[in-house]
Amino acid sequence: MLNPIQWTNGRLILLDQRKLPAKIVYLRPKSVREVAQAIRTMTVRGAPAIGITAAYGVVLGLKSRGSKVRPARGAAILPELGLVIEQD
């Protein structure tokens, strides 16, 4: 069975569903912008998978800030949320 979304060793791995069934290709987005692009280009499909991927995108965005963000400050994630829900 293929895993469309994986979180391994602090890294997000996404099955590129556009390539199925001909090929099995995994993408490794490194930033919230790359995650947002994967969602917009239909790399990830289906509402549950999109929601989970977006949440991992926020995590990647927060990780990129390092120790600048305290978990108790929910407003700190707003820029990352904006990137994953932004519409063209």
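**Entry 1: the sheet**

I began with a pair across the strands: Gln6 stands opposite Ile13 in strand 2. Before going further, I noted that this is a predicted model, where local features need pLDDT of at least 70, side-chain atom pairs count only at pLDDT 80 or more, and totals for chains, interfaces and linings use all residues. Residues are numbered from 1 along each chain as its sequence is written, and side-chain values use heavy atoms, with hydrogens and water left out.

My helices (H or I, at least four residues) and strands (E, at least two) are DSSP runs, numbered from the N terminus. Two strands pair if DSSP finds at least two bridges between them.

Strand 1 and strand 2 pair in the antiparallel sense over four bridges.

**Entry 2: who is buried**

Buried means under 20% relative accessible area, exposed over 50%, and partly exposed in between (1.4 Å probe, protein chains only). Strand 2 has four of its five residues buried, so it is largely enclosed by the rest of the structure.

Then I went to helix 1 (residues 32–40), where the buried residues are Val32, Val35, Ala36, Ala38 and Ile39. Why do they sit on the same side of helix 1? They cover an arc of only 160° around the axis, and that puts them there. The arc is that of the directions from the helix axis to the C-beta atoms. After helix 1 comes Met42, whose phi is positive, near 65°.

**Entry 3: two loop residues**

Asp16 is in the loop between strand 2 and strand 3. Is Asp16 buried or exposed? It counts as buried, at 2% relative accessibility. Its side chain makes a polar contact with the side chain of Arg18 (2.8 Å). A polar contact is a pair of N or O atoms within 3.5 Å; within protein, one must be able to donate a hydrogen and the other to accept it, and residues adjacent in sequence count only if both atoms are side-chain atoms.

Contact means heavy atoms within 4.5 Å. Not counting residues up to four places away in sequence, Asp16 touches Val25, Leu27 and Thr43.

Gln17 is in the loop between strand 2 and strand 3 as well, and Gln17 is buried, with a relative accessible area of 18%. With the neighbours up to four places away left out, Gln17 touches Pro4, Thr43, Val44 and Arg45.

**Entry 4: the whole protein**

I count three helices and three strands, and along the sequence the pattern reads β-β-β-α-α-α. Buried residues make up 30% of the 88 residues.
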